[in-house]
Amino acid sequence: MNLVEKILKIEEIQNERKKKDKLSKYNTGEKVHIKQLEFHKCLKKNRWVFGGNRTGKTECGAVEVVYMARGIHPYRKIEHATNGWVVSLSTQVQRDVAQSKILNYLNPDWIVDVAMLQGRKDNYKNGVIDYILVKNVFGSISKIGFKSCDQGREKFQGTSLDYVWFDEEPPYDIYLECRMRVLDNDGDIFATMTPLKGMTFVYDEIYLNKFNDENVWYEFITWDDNPFISEKAKKNMRLSMSADELKTRERGEFLDFGGRVYPEFDENINVIEPFKIPYDWQDKLSIDPGLRNPLSCHWYAVDYDGNVYVVAEHYDSDKDIDYHSKEIHRISKELGWHTNRNGMIEALIDSAANQTTLASVKSVADLFYEHKILVNTNVNKDVFSGIQRVKAYLKNSEGGTKLYIFNTCKNLIREIKSYRWGKGDNPVKQDDHSLDELRYYIMSRPENRPKKPELNFVQRNKERLIRSLRR
């Protein structure tokens with residue numbers, strides 16, 4: 001074989017390897033879409049992908065495992081051998097889904113050894129694997145272990161791990177046990193699932209993030225996010241499913257068995273990134289008072305088109321008026337929030353603030369006044385009318401919205417997502433402190449606010465002078 005033939009032979013071998021190397025196609029963007037990349041790029045420690053069938057959610061979970069095992073993660077610095085688990089609902093599901101996907105992206109040249117739970121080692125693709133030993137790029141050996149939820153919680157004890165991937169939603173006790181397994185190594189939990197079970201712990205702790213865990217992140221992947229599904233295939237799948245089933249299997253949404261009060265709320269529209277609020281937009285604060293229960297306070301602004309912006313949040317419990325007042329003044333100072341001519345911050349508050357506390361003959365409103373917060377207790381507390389007004393601000397009859405919430409207002413967002421109807425026309429009176437004061441504020445707004453007229457040169461100078469004097 002001459003030199004030219006040798007070169008051609010080498011190129012042929014390399015091309016053949018590239019065809020087999022599915023990971024290369026994924027890395028180069030040939031087989032990856034934007035939502036999958038967002039998952040890989042996120043550096044949070046507890047990441048969840050909610051997706052329907054055929055959205056590519058399992059693909060990105062499998063690739064993430066291979067990235068971790070090989071030490072080749074494009075967005076994370078991994079310079080050591082890793083030890084992780086892949087958790088499926090059963091051994092059969094493991095073999096047919098998660099295990100199969102990982103082997104699809106794991107080049108056979110990288111595999112050092114395979115241990116089996118069921119089946120022959122020389123035919124490991126068709127058996128149930130216990131673990132795979134993988135060569136990483138640093139010359140050491142990583143371990144990918146496989147677990148199934150039907151083994152019970154006891155089988156998930158005792159090992160320190162770098163990551164756990166849940167392929168579909170695990171039982172809560174196994175989720176908690178796996179969180180303990182990654183604690184020592186400051187490791188990662190990530191999950192890819194279709195939320196078919198409804199509003200379980202995943203809804204509360206991940207989607208609502210009721211513990212305000214800064215490490216929690218999630219995204220939804222729909223059929224439309226996956227460019228590799230044809231329109232014809234999507235149409236055929238839609239024809240075979242009910243409306244409720246479509247919500248979950250097409251868009252990855254949680255099945256709602258209780259009835260949300262605010263189904264109009266769309267996190268992609270109503271929640272926005274913070275920006276510098278113009279001084280002229282600043283309006284009032286609204287407070288729902290609480291001592292042992294949380295006190296909720298939000299800062300509201302309104303633009304010239306009448307759109308309302310919730311721009312900041314104070315939310316805390318088991319604290320006195322002195323503490324809450326100091327926090328309100330601190331946040332107001334950071335925002336450069338306006339005061340009245342007497343230097344007081346103006347706020348709406350529940351009329352219950354007129355009542356005296358057990359520890360004082362003064363009312364809550366009086367105590368706030370002493371801390372230079374002027375509260376107006378004359379608020380409209382009609383729950384049903386208030387809910388209807390909030391609904392119209394979230395999404396009106398023409399599909400538009402007039403209520404925007406900064407994503408830093410985590411408790412308000414959480415409460416809107418979890419607010420549910422109870423008996424009759426009454427919502428469940430639970431975890432609604434932010435929603436009460438949101439209603440007070442929205443009900444204080446006029447139906448329409450005229451646009452601010454254009455000012456001439458003299459009027460603009462006069463406004464600037466007034467603003468400077470207020471400051």
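User: Is Asp 188 buried or exposed?

Analyst: Buried means under 20% relative accessible area, exposed over 50%, and partly exposed in between (1.4 Å probe, protein chains only). Asp 188 is buried, as its relative accessible area is 4%. This is a predicted model, in which local features need pLDDT of at least 70, side-chain atom pairs count only at pLDDT 80 or more, and totals for chains, interfaces and linings use all residues. Residues are numbered from 1 along each chain as its sequence is written, and side-chain values use heavy atoms, with hydrogens and water left out.

User: Which side chain forms a polar contact with that of Asp 188?

Analyst: A polar contact is a pair of N or O atoms within 3.5 Å; within protein, one must be able to donate a hydrogen and the other to accept it, and residues adjacent in sequence count only if both atoms are side-chain atoms. The partner of Asp 188 is the side chain of Arg 76, at 2.9 Å.

User: In which strand is Asp 188 found, and which way does its side chain point?

Analyst: Strands (E, at least two residues) are DSSP runs, numbered from the N terminus. In a regular strand the side chains alternate between the two faces of the sheet. Asp 188 belongs to strand 7, residues 188-193. Asp 188, Phe 190 and Thr 192 point one way, while Ile 189, Ala 191 and Met 193 point the other way.

User: Which strands pair with strand 7?

Analyst: Two strands pair if DSSP finds at least two bridges between them. Strand 1 (residues 46-51) pairs with strand 7 in the parallel sense over five bridges, and strand 6 (residues 163-167) also runs parallel to strand 7, joined by five bridges.

Conventions:
Helix = DSSP H or I, 4+ residues; strand = E, 2+ residues; numbered from the N terminus.
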